[in-house]
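Please look through the sequence and the structure shown below before reading on.

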Amino acid sequence: MGYRTQITMKQTYIYEDNIISSLGFTTLENIESIRANAIGIRITDDPLLYPRPVPLSKVDPAALETRFNAICEQHKRSVAPDSFTRLEKLLITSIREVIHRDDLNPYHPKTLLILSTTKGNIDLLEERYKAKFNHKRLYLWELARIVQTFFGFVNTPVIISNACISGVLALITASRYIQSGTYDDVVVAGGDIVSEFVIAGFQSFQALSPDPCKPFDQNRSGLSLGEAAGAIHLSSRKPVGNSRMVTLAGGATTNDANHISGPSRTGQELSLAMDRALQQAGIDASALNYIAAHGTATAYNDEMEAKAIALSKAEQVPVSSQKGYWGHTLGAAGIIESAVAVASMRNNQLYRSAGFETPGVTIPLNILTEHRDAEVDQVLKSASGFGGCNAAVVFKKI
Amino acid sequence: MRQFITAYTLIDGFKCMVNGRLLFYQENILTFADFIKALYKQEQVNYPKFYKMDALGKLGFIASELLLRNKDIKSYPPELTGVVLSNSSSSLDTDIAHNETIRNREHYFPSPSVFVYTLPNIVIGEICIRNGIKGENAFLVSESFNSELIAGYVTDLFSRELVKGCLCGWIEVLGNRCEAFLAWVENQADVAETKPGPFNPVPFDAEHLKLLKNQNDR
């Protein structure tokens with residue numbers, strides 16, 4: 001398939017990014033935790049979340065309060081920290097770091113915020129929050145408006161809620177806006193909290209692992225849930241300096257058209273998304289240095305993904321799932337896992353696939369079993385989700 | 001190459017129009033469940049999976065069915081067809097239903113068949129399964145129908161040659177309030193090949209999307 005418009009289109013440069021997870025409040029803190037082999041998923045006994053102990057990856061509540069209170073104190077208008085929901089605090093804290101470091105101007109008419117979330121402020125359905133927060137906050141556009149207003153973005157945020165591909169789709173959408181010249185700067189932010197709502201749902205699917213998840217491993221027994229927020233600033237402006245920059249060079253989505261809760265049997269559709277992303281980036285699968293897989297650690301997902309990687313002729317490429325560190329973070333996943341992939345490119349380091357010991361998919365993959373130094377210039381990030389959706393994005397150093 | 005809307009469905013206030021012609025309206029209908037069942041029966045849609053869907057799934061399925069059943073979308077490669085939908089309340093209607101199953105610890109019965117629908121893009125999955133659509137898909141949320149957002153997103157897919165045909169629009173259900181506006185968009189050259197029908201294709205842009213969706217308000 002042709003990509004005739006590529007030549008005239010602008011590059012999408014990756015500027016600052018941020019990760020807030022159980023492993024830290026900045027990308028650097030998270031990478032240091034990963035390097036130290038820290039696992040953020042812990043057996044959590046919280047009756048407000050689930051009647052029985054369950055493995056979860058949670059952001060430290062006290063540390064979040066401290067950081068968010070400090071942001072509110074520095075804020076130009078006075079705001080009461082406790083007037084924000086947990087997810088709003090996570091998102092604002094994450095976006096604040098990116099904006100601050102890049103000195104980004106949210107008031108500029110060519111600056112856009114894209115929000116990726118699957119469930120937004122879903123905890124507000126719980127009785128304990130009903131008196132405190134207006135029911136309207138359950139609407140994703142109201143959540144987005146609160147974040148928009150905090151920073152003063154002039155453009156109405158674009159909201160993407162497309163199951164587990166939301167984060168990757170938000171990044172693809174951002175790069176399309178930048179390439180077409182619609183916007184010059186886009187902040188892609190995503191987040192989801194760990195809630196009773198989501199835990200109960202996945203538990204009813206019997207999709208939750210009793211132990212921290214083990215993506216691609218023979219003994220994997222389902223996914224672990226995690227809460228996180230992430231933000232990435234993408235721009236058409238070429239950065240100053242001579243060092244090579246990471247760009248978002250291609251991306252596509254596809255649908256299995258097979259089943260709403262089970263992935264494709266063949267992996268053909270995810271493979272198609274991968275092929276399209278590679279084609280747009282102008283590289284062969286053999287030129288990839290790393291694949292940041294979706295790797296939820298459910299039997300079906302990991303098998304489908306392995307088939308897709310093989311169909312795209314990338315089975316030799318080093319691959320990992322980052323979910324062994326912080327679980328499945330839903331609307332944040334595509335963003336924070338891309339941020340780690342970008343860090344791998346900047347640091348020229350690959351990080352091991354936590355939880356993996358024995359190959360557990362029918363196709364042999366080159367799964368990373370240890371951290372190592374390597375030239376990392378071209379990376380693919382994939383994602384798949386309920387509703388049969390798949391997405392892939394390619395990052396490339398230029 | 002320009003894109004055209006070659007068919008559309010509009011559902012509002014338990015009234016259903018296809019390509020500008022009234023297809024269904026019964027004055028005595030008061031609930032969404034009654035409306036969607038009556039519409040399904042009248043149009044003799046035969047798709048057993050329909051009964052398993054949540055309200056958003058049913059509305060999106062029927063709205064797309066009424067629009068695509070006279071379209072030869074199989075003439076396009078599946079991977080060059082797409083679906084881009086939007087709404088205001090995401091999956092809140094089913095979120096509330098799932099929440100009811102977990103509110104009481106003594107009466108705790110979460111179900112995967114409900115939980116799976118607590119994502120707005122499941123309706124896209126249902127439409128893709130029915131029609132074998134395998135290309136680009138996206139679900140966007142906005143406070144009200146944003147014709148510029150949808151037109152911009154879908155036009156970009158065409159300009160990148162990622163789609164040759166795309167279903168797009170608005171699909172909203174909350175309790176008994178429902179509203180659907182779906183349009184099938186394709187390239188001009190392909191339009192010329194389709195048989196003359198009761199509906200003259202209109203150019204695909206934000207202005208025409210808005211006009212078609214709001215025609216009842218005038």
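**Inside the model**

Buried means under 20% relative accessible area, exposed over 50%, and partly exposed in between, with a 1.4 Å probe and protein chains only. This is a predicted model, in which local features need pLDDT of at least 70 and side-chain atom pairs count only at pLDDT 80 or more, while totals for chains, interfaces and linings use all residues. Residues are numbered from 1 along each chain as its sequence is written, chains are lettered from A and ligands numbered from 1 in the order in which they are written, and side-chain values use heavy atoms, with hydrogens and water left out.

Reader: How many disulfides does the structure hold over all chains?
Author: A disulfide is counted when a pair of cysteine sulfur atoms lies within 2.5 Å. The sulfur of B:Cys16 is too far for a bond, because the closest cysteine sulfur, in B:Cys178, is 9.6 Å away. B:Cys128 is in no disulfide either, as the nearest cysteine sulfur, that of A:Cys389, is 9.6 Å away. Over all chains, the number of disulfides is zero.

Reader: Why is helix H7 (residues 196-204) of chain A largely enclosed by the rest of the structure, and how many of its nine residues are buried?
Author: The buried residues of H7(A), among them A:Phe197 and A:Phe202, pack against strand E3 (54-57) and strand E7 (225-226) of chain A, together with helix H3 (92-100) and helix H4 (112-115) of chain B. The helix is largely enclosed because, of its nine residues, the number buried is eight.

Reader: How much space lies in the largest cavity?
Author: On a 1 Å grid over the protein atoms alone, a cavity is a set of points where a 1.4 Å probe fits but cannot get out, and lining residues have an atom within 4 Å of a point. Grid points are joined across faces, edges and corners, and a volume is the space filled by probe spheres set on the points. By this rule there are three cavities of 30 Å³ or more, and the lining of the largest includes A:Phe202, A:Leu330 and B:Phe115. The space in the largest cavity is about 100 Å³.

Reader: Is A:Arg176 buried or exposed?
Author: A:Arg176 is found in helix H6 (residues 166-179) of chain A. Leaving aside neighbours within four places in sequence, A:Arg176 is in contact (heavy atoms within 4.5 Å) with residues including A:Gly251, B:Glu136 and B:Asp156. With a relative accessible area of 5%, A:Arg176 is buried.

Technical notes. Helix = DSSP H or I, 4+ residues; strand = E, 2+ residues; numbered from the N terminus. 1 Å grid on protein atoms, 1.4 Å probe; cavity = no way out; pocket = protein on both sides within 12 Å on 5 of 7 lines; lining within 4 Å.
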